[in-house]
Amino acid sequence: MEPRSPRDLDIAEALRRGDEAAFERMVLAWSTPMQRVALAYVHDEGLAADVVQETWLAVLEGIDGFEGKSSLRHWVYRILINHARTRFTKEARTVPMSSVLPGGEPAVEPSAFLPPDDPEWPGHWAAPPARWDQHPERCAESIETLRVIEAAIRGLPEAQAQVMVMRDIAQLSSEEVSGLLALSPGNQRVLLHRARARVRRALERYFGGEAP
Amino acid sequence: MTQRGIDCNELVEVVTEYLEGSMPAADRKRFDEHLEICEGCETYLAQYRQTIQLTGKLATADVGEPARGKLLAAFRGWKASRSG
């Protein structure tokens, strides 16, 4: 668990005092990543928005019980995940084994590398990965790129999506995500690795000029 | 990883471990040494990092006005019910 943060206790105390500005700041800063995590469970934007609303209400209802044993973020996301699972109960199951078996999914297609019996460079790139700035109209900083990533995340196996969204969008730590999803650190890392590799491949196809 | 240098097809499988900082020092050294001489892997690592960075941008967008208004109303209601 994350060590108790004085700042978390300050925020909790502010909420208990009825500090509306503090609540508004939290809502503004956290709601979008929370929505994305909820989406990884309920797969519907409207439902995800409902889950976030419910979560904020539950945070207020339960804030007297926050003792700072975990981080505030961890505490809020545990509430969020419980609400998301309840709203979409078919997702309330354990991580499918196929997502965590080792050796199940290479990060890059094997054909991108020279074979192990190559006389000069076994296991090396057959050609370096293409750069992502070859098509000026496909700019990394554009909204379109974010849409490509969103679509790639929607297409991920559920457990991979959950881990990647929690780590790379909600910025939860690996310990927090392992705890929230009841995963070993190793399994959490495997899921994250596969998810990021898939999203990277989607970006590679997009920057290579393929239709999004 | 074995005692010999790391191959590209091995490197792409341990990138996450490397970035998490959970790689043993000796393996990390082999990883870094390979990056120095391999443009392909240097490009791959940069793209992998960029994937993470771009994904992080999905965290920021405005909360819809109707949602914010409802939440603030709920907050005021909650606050009022506590001071009763």
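Is A:Pro122 buried, partly exposed or exposed? In this predicted model, A:Pro122 has a relative accessibility of 28% and therefore counts as partly exposed. The residue is located in the loop that joins helix H4 (72-87) to H5 of chain A. When residues up to four places away in sequence are set aside, A:Pro122 touches A:Leu114, A:Pro115 and A:Pro116, and also B:Asp7 of chain B.

Two further loop residues of chain A were examined for their backbone geometry. A:Gln171 lies between H6 and helix H7 (174-181) of chain A. Its phi is positive, near 60 degrees, in a residue other than glycine. A:Gln171 is partly exposed, because its relative accessibility is 49% and the exposed class begins over 50%. A:Ala182 is placed in the loop between H7 and H8 of chain A. A:Ala182 is likewise not a glycine, yet has a positive phi of about 55 degrees. With a relative accessible area of 72%, A:Ala182 is exposed.

Within chain A, helix H5 (residues 143-154) packs with H8(A) at an angle of about 140 degrees, and the two axes are 9 Å apart. This angle makes H5(A) oblique to H8(A), because an angle must be over 145 degrees to count as roughly antiparallel. The crossing of H5(A) and H8(A) is right-handed. On the H5(A) side, the contact is formed by A:Glu144, A:Thr145, A:Val148, A:Ile149, A:Ala152 and A:Ile153. H8(A) contributes A:Val199, A:Ala202, A:Leu203, A:Tyr206 and A:Phe207 to this contact.

Chain B contains four helices and zero strands, and its elements follow the order α-α-α-α from the N terminus. Of the 84 residues in chain B, 43% are buried. Among contacts in chain B between residues at least 6 apart in sequence, 53% join residues at least 24 apart.

Helix H1 (residues 8-20) of chain B comprises 13 residues. The distance from its first C-alpha to its last is 19 Å, close to the 18 Å expected at 1.5 Å a residue. B:Val14 is itself one of the buried residues of H1(B), together with B:Cys8, B:Leu11, B:Val12, B:Val15, B:Thr16 and B:Tyr18. The buried residues of H1(B) pack against helix H8 (185-207) of chain A, and also against helix H2 (25-37) and helix H3 (39-56) of chain B. After H1(B) comes B:Gly21, with a positive phi near 80 degrees.

H3(B) has 18 residues, which at 1.5 Å a residue should span 26 Å. The end C-alpha atoms of H3(B) are 26 Å apart, in agreement with that expectation.

Conventions
Residues numbered from 1 in each chain as written. Chains lettered and ligands numbered in written order. Predicted model: local features only at pLDDT ≥ 70, side-chain atom pairs only at ≥ 80, totals over all residues. Heavy atoms only, no water. Helix = DSSP H or I, 4+ residues; strand = E, 2+ residues; numbered from the N terminus. Expected span 1.5 Å × (residues − 1). Buried < 20%, exposed > 50% of the residue type's maximum accessible area, 1.4 Å probe, protein only. Contact = heavy atoms within 4.5 Å. Axes fitted to C-alpha atoms, helices over the stretch in contact; angles between N-to-C directions. Parallel < 35°, antiparallel > 145°, perpendicular 65-115°, else oblique. Left-handed = near helix turned anticlockwise from the far one by under 90°.
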